[in-house]
Amino acid sequence: FDIFVHGLSKGVANGGMAEFQEMMRQQLESSMHTELEKLLDTTTGAEREVSKKDFEGFKNLYHRFLQVKGPSVEWIKIKRPPEDSIQPYDKISARGLPDSMANSLNKLVVVKLNGGLGTSMGCKGPKSLISVRNENTFLDLTVQQIEHLNKTYNTDVPLVLMNSFNTDEDTKKILQKYTHHRVKIHTFNQSRYPRINKESLLPVATNLSMTGQNTEGWYPPGHGDIYASFYNSGLLDQLIAQGKEYIFVSNIDNLGATVDLHILHHLVSQPNGKRCEFIMEVTDKTRADVKGGTLIQYEGKLRLLEIAQVPKAHVDEFKSVSKFKIFNTNNLWISLAAIKRLQEQKAMDMEIIVNSKTLDGGQNVIQLETAVGAAIKSFDNALGINVPRSRFLPVKTTSDLLLVMSNLYSLEAGSLTMSPKREFPTTPHVKLGSSFTKVQEYLTRFESIPDMLELDHLTVSGDVTFGKNVSLKGTVIIIANHGDRIDIPAGSMLENKIVSGNLRILDH
């Protein structure tokens, strides 16, 4: 791989090598096609047909990957987006709502990205099945939100889950429990692409099975795959036939991503010639969000710039809060008709993300991925909306989980809202140490979730447990050194305190 890339870059500088490179490229591509055919020959019937469709998408990505000559953006061409291309949410909500929202809601489909596992939080199975609040999982809360909409406005907003081969089976089992809820649920599967050996640039899998040595041979290719797999599943056409016009897409672990009626109204009330096909919700960057993708103006189009695309020399500039003030929440509103058009014209353009991984056996592989927001430049009249931070409430770690389980938020009809008793709108900064990483372990360390209404900052490190009805205020730092343990007694109130050393409370 390195020799290949090195050869490519030299060839650009040295015309004499161009033919040699083109030959190498064609050879690699031909070998890849042969290997993919061999993989297809290891199965028959429906599985073969599905994999064949998947491989068409993969071949296209691989072809583009071999063509890439250096960074996908030239830093000098990056401009700030024009003023009117990112609208403040207040301006959009100030227009008010019509008497009836039912017509607009009946044009909407809610899509949740449900391909991820809960492994980073120490859980088996789909992440969406982790309990986050009062025994409700991410999926429960999503269903409750949409059911509440459908009942309130007497509408039929369906829920669509984009599963991956990692989550599909477990998710489908769970869906049976929602049969009597007022929300139609559909699923489709993300593609399954072969991981490629970093040295040979060919697949590591030897057949299409997902067992034995081949388990690690496959991956779901990032959420940018939504366009092709949604289209290939037939569900896109089915929803268009039912009169649906827009999808609202978000990560299932973002608890702030609820259907926003003001944004929906803005979308459907545009004049026909200026129909907005794509809205990306962005929000103001804080120090915690320096790695998030940002919107830029590039060659006359709005474009998403991810940290992976930034040349090394400019990474610090990219992370600065002063130059790039906003980041992508991955809450997106997209026209169904536009997705269909772009898929049929093969005009969906997304940068390739090359993700390097090391398998359990030590083998180095690469995964070719794309991001759903990167397609913004392919759509007409795309727009950013700068939304309140409350629309971005992702639960990636148990530190995030502690926030959403606490009295900082109240839960109503599946939606979390910041408690009116909190005097300032920002959420506290919480950092729980490695003893809290796994959900099961985290739960055993809290007899009850502390009162955090007046908390600014919490750091916990080492073997620490919390008794019932603990209250935390201001800045609290609790550090148990190696071999020590700290039990915070029931009913304690810690305000602007550093606790360290050893504190054991034993039952008498």
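Here is a short chat about cavities and a hairpin in this predicted model.

Biologist: Hi! How many cavities of 30 Å³ or more are there?

Modeller: Two, and keep in mind that the model is predicted.

Biologist: What volume does the largest cavity have?

Modeller: About 40 Å³ for the largest cavity.

Biologist: And which residues line the largest cavity?

Modeller: The lining is made up of Lys112, Phe138, Leu141, Thr142, Gln145, Asn251, Ile252, Asn254 and Leu255. By class, that lining splits into four nonpolar residues, four polar ones and one charged.

Biologist: Which helix gives the most to that lining?

Modeller: Helix 6, spanning residues 138–153, gives the most, with four residues.

Biologist: Okay, what about the second largest cavity: what is its volume?

Modeller: The second largest cavity comes to about 30 Å³. Around the second largest cavity you'll find Glu306, Gln309, Glu351, Ile353, Ala371 and Ala374.

Biologist: How many of the residues in that lining are charged?

Modeller: Two are charged, alongside three nonpolar residues and one polar.

Biologist: Switching topic to strands. In which sense do strand 16 and strand 17 pair?

Modeller: Antiparallel, over six bridges. Strand 16 covers residues 353–358, and strand 17 covers residues 364–369.

Biologist: Which residue in strand 17 is the bridge partner of Asn355?

Modeller: That would be Gln367.

Biologist: How many residues lie between strand 16 and strand 17 in the hairpin?

Modeller: Five residues. In the turn, Gly362 has a positive phi of about 95 degrees.

Biologist: Great, thanks!

Notes: Residues are numbered from 1 along each chain as its sequence is written. This is a predicted model: local features need pLDDT of at least 70, side-chain atom pairs count only at pLDDT 80 or more; totals for chains, interfaces and linings use all residues. Side-chain values use heavy atoms; hydrogens and water are left out. On a 1 Å grid over the protein atoms alone, a cavity is a set of points where a 1.4 Å probe fits but cannot get out, and a pocket is an open set with protein on both sides within 12 Å along at least five of seven lines; lining residues have an atom within 4 Å of a point. Grid points are joined across faces, edges and corners, and a volume is the space filled by probe spheres set on the points. Helices (H or I, at least four residues) and strands (E, at least two) are DSSP runs, numbered from the N terminus. Ala, Val, Leu, Ile, Met, Phe, Trp, Tyr, Cys and Pro count as nonpolar, Asp, Glu, Lys and Arg as charged, and the others, Gly among them, as polar. Two strands pair if DSSP finds at least two bridges between them.
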